[in-house]
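Welcome! Take a moment to look at the chain below, and then we can walk through some of its side chains together.

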Amino acid sequence: MDCHAQWHALQEAYFDPDGFRLALNAFLQTHRSVTSLLLKHKSNLPKFEDWFTEYDDRAAKTDVMRWAKKSRNRIVHESDLDLNSSCHVTWIGNWYNRQEAKATFPPRMSVSEIIEAIKNSRGMPPFGTITIRRRWVDGALDTWEVLDAAAACYMHLNDLLGAGHSAAGVRHCDIEGSYDECVDSSLANAYGKLGCMHTAQSELASHFSVPDGAILNSVSEEVELDDAKIEASINRYKIPDFPEGDAIARVPGMMAVAAKVMERDGEHGTFAFCFKGDSLLTIQAMQFGDQRTKILSFERLADLVESKGADGVLVIGEMWTALQTDREKKLGTVLFPARDRLDRMEALSVWAVTRDGRQAETVCFVERGPNGEARCGETAGVEPGGAMNTMIPIRRKWKEMESRGL
């Protein structure tokens with residue numbers, strides 16, 4: 001619980017160099033003290049050698065855990081860590097056009113000053129969006145961002161204590177503490193980072209419109225997986241069987257569910273479902289008013305995919321579609337997006353991709369009655385089209401994870 005609270009203190013001090021250094025030192029020392037205490041009391045802990053040895057062997061092979069151990073010894077016996085602060089700047093023109101650059105700025109330089117400096121450097125085209133991410137790195141672990149490394153260390157500790165509780169037959173811990181709302185004695189059965197850690201890290205990025213410097217907000221919210229609410233929804237929409245399987249296997253069934261929702265409510269929001277194999281990890285509600293914030297929302301979804309360790313993503317949403325003109329077919333491109341066409345057609349779409357390279361997409365067209373009521377047509381499987389552009393950030397993220405051995 002102390003480590004969890006100190007991780008949030010580390011995140012809150014991210015833009016304060018001295019505060020960040022102090023918070024990191026405290027986190028690393030507390031993290032190490034937990035395993036020291038376990039070793040001190042090992043004679044009282046059931047099957048200790050089994051679960052602790054497995055953890056110790058795994059930690060010895062993990063870069064980030066070796067870093068945590070050495071860093072704690074260093075700050076206690078030698079000196080502070082070799083920290084440096086930089087900014088990661090990402091320019092996005094569209095789904096395909098993207099540039100990334102790293103730059104070093106004084107730690108106390110404001111984001112608006114950084115934006116102005118980037119514009120004056122003429123290193124970015126005069127359109128699209130810019131995302132600025134602050135980044136702290138320790139010289140001894142230069143492939144990891146420090147806050148992300150601390151989160152990984154915390155989750156290793158979470159798994160260790162979970163194994164110890166399981167060996168002792170203890171299902172729930174009853175320790176109480178006066179911490180922030182998300183800090184309690186529960187041990188998450190989760191891969192990657194805690195939800196609060198993913199959310200906190202996403203707030204370390206700022207998004208701007210290049211032409212006018214306006215701040216852009218991608219809107220997404222994690223939907224609580226509540227069995228009672230899911231059962232109520234199944235009854236409300238008269239869904240006979242909720243789809244099962246991985247992201248690809250669920251596409252036809254999710255389209256059937258989405259069509260029932262569309263016909264009953266007359267609309268359907270955009271939802272992203274993240275999977276680990278056949279297991280549903282999280283549901284993300286997404287809203288975007290234009291193409292720029294849509295791209296940013298799927299960039300954020302890609303970050304969630306990494307933090308949850310997801311290997312499949314399925315998205316449901318309404319869309320506009322239109323047939324290519326003869327000139328567009330000749331040029332092999334789309335000159336005008338469907339949303340800007342007079343002959344556009346309303347459709348409901350479900351599309352999915354998996355880390356192993358599979359993909360699927362289905363579409364059904366929506367007709368409106370005299371009072372605006374929705375009627376869904378026949379569902380058709382289609383060759384992956386424009387909707388799959390939204391999965392480019394997810395595929396890029398999986399490729400990055402592969403290069404990092406994740």
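Does Tyr14 count as buried or exposed? This is a predicted model, and in it Tyr14 has a relative accessibility of 1%, so Tyr14 counts as buried. The cut-off for buried is under 20% relative accessible area. Phe20 is buried too, with a relative accessible area of 0%.

**Aromatic pairs**

A pair of aromatic rings is described by the distance of the centres and the angle of the planes. The structure holds 4 aromatic pairs, and here are two of them.

| Pair | Centre to centre | Angle between planes | Type |
|---|---|---|---|
| Tyr14 and Phe20 | 5.2 Å | 80° | edge-to-face |
| Phe48 and Trp51 | 5.2 Å | 75° | edge-to-face |

Why are these called edge-to-face? Planes over 60 degrees apart count as edge-to-face, so the 80° between Tyr14 and Phe20 gives that pair its label.

Now follow the second pair into helix H3, residues 48-60. Phe48 and Trp51 are 3 residues apart there, so about one helical turn separates them. Both Phe48 and Trp51 are buried. They also belong to one aromatic cluster, together with Phe52 and Tyr55.

**A look at Thr354**

Where does Thr354 sit? Its place is in strand E9, which covers residues 345-354. Thr354 has 6% relative accessibility, so it counts as buried. The side chain of Thr354 is joined to that of Asp356 by a polar contact of 2.5 Å. Setting aside neighbours within four places in sequence, Thr354 is in contact with Ala247, Ile248, Asp311, Gly312 and Trp398.

Methods
Residues are numbered from 1 along each chain as its sequence is written. This is a predicted model: local features need pLDDT of at least 70, side-chain atom pairs count only at pLDDT 80 or more; totals for chains, interfaces and linings use all residues. Side-chain values use heavy atoms; hydrogens and water are left out. Rings of Phe, Tyr and Trp (its six-membered ring) pair if their centres lie within 6.5 Å; planes under 30 degrees apart count as stacked, over 60 as edge-to-face and the rest as tilted. Buried means under 20% relative accessible area, exposed over 50%, partly exposed in between (1.4 Å probe, protein chains only). Helices (H or I, at least four residues) and strands (E, at least two) are DSSP runs, numbered from the N terminus. A polar contact is a pair of N or O atoms within 3.5 Å; within protein, one must be able to donate a hydrogen and the other to accept it, and residues adjacent in sequence count only if both atoms are side-chain atoms. Contact means heavy atoms within 4.5 Å.
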